[in-house]
Structure formats: structure tokens, C-alpha cells
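Subject: Handing over a structure

Dear colleague,

I am passing on to you the structure we spoke of, with its sequence, and I would be glad if you read the notes below with the model open beside them.

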Amino acid sequence: MATLRLGVLGSGAGSNMQSIVDAIEAGTLDAEIKLVLADFPDAKILERAAKHSIRAEYLDCAPFRTKLEGAAEDRCIEMLKSAGVDTVVLAGFMRIVKPKLLASFPNRVINIHPALLPAFPGVHGWTQTLDYGCKVAGVTVHFVDAGTDTGPIIVQKAVPVMEDDTPESLHARIQVQEHIAYPEALRIVASGNYSIEGRRVRIGK
Ligand code: GRF
């Protein structure tokens with residue numbers, strides 16, 4: 001059991017980061033957010049972090065649009081390391097992270113995905129869930145590996161699909177569960193009381 005030293009990467013609203021901040025401030029998650037980085041200078045996640053006096057900075061990821069690689073990846077790793085980060089949390093970060101970052105934080109990069117993996121990886125998982133006609137949607141928190149949304153699963157929550165759901169209404173219902181699932185998954189990681197056996201995260205081992 002050790003206090004997690006988190007680095008958060010995001011692109012947008014930052015409601016998941018907020019749920020982590022709230023859990024820390026409520027004393028239900030043994031963690032500290034050392035640094036928040038966003039790939040858009042006006043991302044709301046930066047504003048939210050600043051409100052809680054968390055160091056928050058823009059990370060220019062050019063020339064790439066959908067991945068974190070090259071000079072930006074090097075800068076990101078360097079900033080996370082020098083801030084003392086031991087666990088990287090992807091919270092709505094709309095880029096693929098590459099092996100160099102993963103190797104810098106082995107089994108310590110975590111992502112949240114708005115669908116029940118392995119169904120509907122990639123972007124807009126909730127829209128794909130709805131369009132497919134699924135009756136159950138959900139959220140997955142998982143360790144990140146070299147694939148896209150393929151790493152070992154830490155926590156999943158199911159969310160019912162309603163007859164009159166739109167992508168927006170379904171996503172809103174999924175987000176309620178995301179804000180429970182992310183702190184829950186990080187509590188497991190903070191406890192150290194788990195092992196990764198193949199694809200399985202075995203809690204209490
Ligand atoms: C969430 O739905 C998350 O699952 C997905 O991107 C969204 C981010 O939301 N990866 P927020 O920025 O945390 O509010």
C-alpha cells in the first residue's frame with residue numbers, strides 16, 4: 001500500500017480527473033495528482049486542475065494528431081518523471097500512447113473506456129454500442145498495453161441502454177459510472193493487492 005503519485009493526461013472536459021480529485025479530497029483514495037497535461041491549450045481539464053492548485057500544463061503534440069510520439073512523447077515522459085509520477089492516468093486523452101511511454105511506466109498506465117471491452121474499442125464506444133442495438137452499455141478501466149483498448153481489465157460497470165436513448169443521453173449515464181469506476185480502479189492499484197496474470201487482473205492476490 002503506497003500513496004499513488006498520479007500524472008493525468010487529458011484532452012477535454014476532465015470530469016474523470018475531477019472524480020479522482022474528489023475521491024482524494026474525500027479521503028477515499030490514497031493518491032496525489034502531481035501533474036496534469038492536456039494536448040489542447042484551452043482544455044477544461046487544465047482549468048479544473050488549476051482550481052485545485054494542481055500543476056497543469058499544455059503539451060504540444062504536433063506534428064501528430066492522433067498519437068503521442070516523438071519529441072512530445074519524450075517531453076511528456078520527462079515532465080512526468082521529474083514531477084515524481086509513478087502512475088499515469090489517461091482521462092479522456094484522445095491519442096494513442098506508444099511503447100516508449102508504456103516502457104517508462106511498466107503496468108502503470110491506466111485508461112478509461114466508455115464501453116464494455118473488448119466490444120467497441122476506439123473512439124465513440126457508446127455510439128457504437130447504441131448503433132449496434134446492445135441492451136447493455138458500460139465502462140471499462142484497464143491497464144494500457146501496446147494495442148488499442150486491449151490491456152488487462154481492472155474494473156467494469158454495466159449501464160442499461162434505454163429505448164429512447166440518444167448518444168448523448170447514453171454517454172451521460174455512462175459517465176456517472178465512469179466517475180465511480182475510476183476511483184475504484186485506482187484504489188485497487190493503490191492497495192497493491194492484485195496481480196496481473198496473463199490478461200487477468202486478480203484482485204486480492
Ligand atoms: C470519457 O467518456 C472517457 O471514457 C473517454 O473520454 C471521455 C472523457 O471525459 N475516454 P472527461 O474528459 O473525463 O469528462
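What follows covers the ligand and its surroundings, and then some backbone details. Please keep in mind throughout that this is a predicted model.

The ligand

The space that the ligand takes up is the largest pocket. Around the ligand you will find Ala13, Gly14, Ser15 and Asn16, together with Gly92, then Ile112, His113 and Pro114, and finally His171, Gln175 and Glu178. By type, the residues of this shell divide into seven polar, three nonpolar and one charged.

A polar side-chain atom of serine 15 lies 2.5 Å from an oxygen atom of the ligand, and a polar side-chain atom of histidine 171 lies 2.8 Å from an oxygen atom of the ligand. With alanine 13 the backbone takes part, as one of its polar backbone atoms is 3.4 Å from a ligand oxygen atom. The ligand taken alone exposes 360 Å², and 88% of that is buried by the protein.

Where does the shell come from? The elements that contribute two or more residues to it are helix H1 (15-25), strand S7 (109-113) and helix H6 (167-191), and H6 provides the largest share, with three residues. At the level of domains, both domain 1 (1-106) and domain 2 (111-205) give residues to the shell around the ligand, and therefore the ligand lies between them.

The backbone

One joins alanine 62 and proline 63, with omega at about 5 degrees, and proline 63 belongs to the loop between strand S3 (56-58) and strand S4 (67-68). The other runs from leucine 117 to proline 118, where omega is near 15 degrees, and proline 118 sits in the loop that lies between S7 and helix H5 (125-132).

With best wishes

Conventions:
Residues are numbered from 1 along each chain as its sequence is written. This is a predicted model: local features need pLDDT of at least 70, side-chain atom pairs count only at pLDDT 80 or more; totals for chains, interfaces and linings use all residues. Side-chain values use heavy atoms; hydrogens and water are left out. A residue is near a molecule or strand if one of its heavy atoms lies within 4 Å of it. A polar contact is a pair of N or O atoms within 3.5 Å; within protein, one must be able to donate a hydrogen and the other to accept it, and residues adjacent in sequence count only if both atoms are side-chain atoms. Accessible areas come from the Shrake-Rupley method with a 1.4 Å probe; for residues, only the protein chains shown count as cover. On a 1 Å grid over the protein atoms alone, a cavity is a set of points where a 1.4 Å probe fits but cannot get out, and a pocket is an open set with protein on both sides within 12 Å along at least five of seven lines; lining residues have an atom within 4 Å of a point. A molecule sits in a cavity or pocket if more than half of its atoms lie within 2 Å of its grid points. Helices (H or I, at least four residues) and strands (E, at least two) are DSSP runs, numbered from the N terminus. Ala, Val, Leu, Ile, Met, Phe, Trp, Tyr, Cys and Pro count as nonpolar, Asp, Glu, Lys and Arg as charged, and the others, Gly among them, as polar. Domain bounds come from an automatic or database domain assignment.
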